[in-house]
Structures are given as structure tokens and as C-alpha cells.
Amino acid sequence: TKTRGKAFLTAIILTLFNWTLTLLSFITMGGGFNFYWNQYGMPLFTYSAAFIGIAVVIIVAKNISFFPLKYVGEHSLLYFAWHQAIMIPLFDFFIDKYHITFPVFALKVAVEILVILLVLTIVNLIMEKTPLKIMLGK
């Protein structure tokens, strides 16, 4: 529909703006983000990019009915809480331990996202069947 087309165009424009702010933050601070050491780049750019990213997720979520995306959205508490604090450090630990390299950084990020989604979906399915489901807000 026409409204959905406008929403996706808005999401694309905001995504490009998000990437631009992230790149500016990266460049102005001499490179690198390290959330474990509270190094967020240029705070104004980094936080603005984060809020724009949230807006993009909301716009896309309201205009798409793709089941895997809806599932992650409906169970977002686990994904949100565990991806940065647990899964990314574990992923980095295993690629370092087993000397896994990626020819381009984007491939590493893509594999990391897929592994995180797979593992956390399995964890979510297991937790829903146990008394730990209270941690999922159920």
C-alpha cells in the first residue's frame, strides 16, 4: 500500500542517516566502539544513531508481517538483555579461541547476528517450558 511504501522509504532514509552518524562518531573519536569499556564514540552522534535505529525498528515492525521478525519482536526481552552482555563476548571468545577469521568485517557481523538469533531462539524456547519463564515476563 501507499502508506507502507512511505514507511519503508522513511526507514531507508533514517537508516542511511543512522549509518552516517555512526561513521561520524567513529571518525571523530579516532575509531572503535567498545561498549564493555564505556567507549561509545562521540556521545551526541552515537546516542542519536541509537534512537534513530530504534525508530527504524518500530517503523519496520509496524509495517511487516514476516514471522521470524515478529517472533523476535514478541520475545525481545531475552534478545535485548543477552545479545550485548552475553552473546557477543561469547562469540568473540570462540572466534579468537579457534582462530576463525572473516575476509570482511561485514561477514563477521552477519554470521554473529545469525548465531545470536539461533542461540537465543533456542534459549527462549527452552526457558518458556521451565520455571525460568518468569525471566521472560511470563
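The legends below describe close-up views of a predicted model. Local features are given where pLDDT is at least 70, side-chain atom pairs count only at pLDDT 80 or more, and totals for chains, interfaces and linings use all residues. Residues are numbered from 1 along each chain as its sequence is written, and side-chain values use heavy atoms, with hydrogens and water left out.

View 1. A polar atom of the Asn-18 side chain lies 2.5 Å from the backbone oxygen of Ala-49.

**View 2. The largest nonpolar core.** Nine residues make up this core: Tyr-71, Leu-78, Tyr-79, Met-87, Ile-88, Ile-116, Leu-120, Met-127 and Leu-136. A nonpolar core is a set of buried Ala, Val, Leu, Ile, Met, Phe, Trp, Tyr and Cys residues joined through side-chain atoms within 4.5 Å. Helices α4 (76–97) and α5 (105–128) each supply at least two residues of the core, and the largest share, four residues, comes from α4. Leu-136, one of the nine, is in contact with Leu-77, Leu-78, Asn-124, Met-127 and Glu-128, leaving aside its neighbours within four places in sequence. A second, separate core has eight residues, among them Ala-11, Leu-21, Ala-49 and Val-56.

**View 3. Helix α4 and its bend at His-83.** The 22 residues of α4 should span 32 Å at 1.5 Å a residue, and its end C-alpha atoms are 29 Å apart, which agrees (expected span, 1.5 Å times one less than the number of residues). At His-83 the helix α4 bends by about 65°; the bend is the angle between axes fitted to the seven residues ending there and the seven starting there. Leu-78, Tyr-79, Met-87, Ile-88, Phe-91 and Ile-95 are the buried residues of α4, and they pack against α3 (67–74) and α5. After α4 comes His-99, with a positive phi near 55°.

**View 4. The salt bridge between Asp-92 and Lys-108.** The closest N and O atoms of this pair are 3.2 Å apart (salt bridge, a side-chain nitrogen of Lys or Arg within 4 Å of a carboxyl oxygen of Asp or Glu). Asp-92 belongs to helix α4 and Lys-108 to helix α5, so the pair ties together parts that are 16 residues apart in sequence. Asp-92 is partly exposed, at 23% relative accessible area, whereas Lys-108 is buried, at 17%. The count of salt bridges by this rule comes to one.

**View 5. Lys-133 in the segment after α5.** With a relative accessible area of 39%, Lys-133 is partly exposed. Leaving aside its neighbours within four places in sequence, Lys-133 is in contact with Met-127, Glu-128 and Lys-138. Lys-133 and Lys-108 are 25 residues apart in sequence, and their C-alpha atoms are 31 Å apart in space.

**View 6. Ile-54 in helix α2, residues 43–62.** Ile-54 is partly exposed, with a relative accessible area of 47%. From Ile-54 to Val-109 the separation is 55 residues in sequence and 19 Å in space, C-alpha to C-alpha.

Definitions and conventions:
Polar contact = N/O pair within 3.5 Å; in protein donor to acceptor, adjacent residues only side chain to side chain. Buried < 20%, exposed > 50% of the residue type's maximum accessible area, 1.4 Å probe, protein only. Contact = heavy atoms within 4.5 Å.
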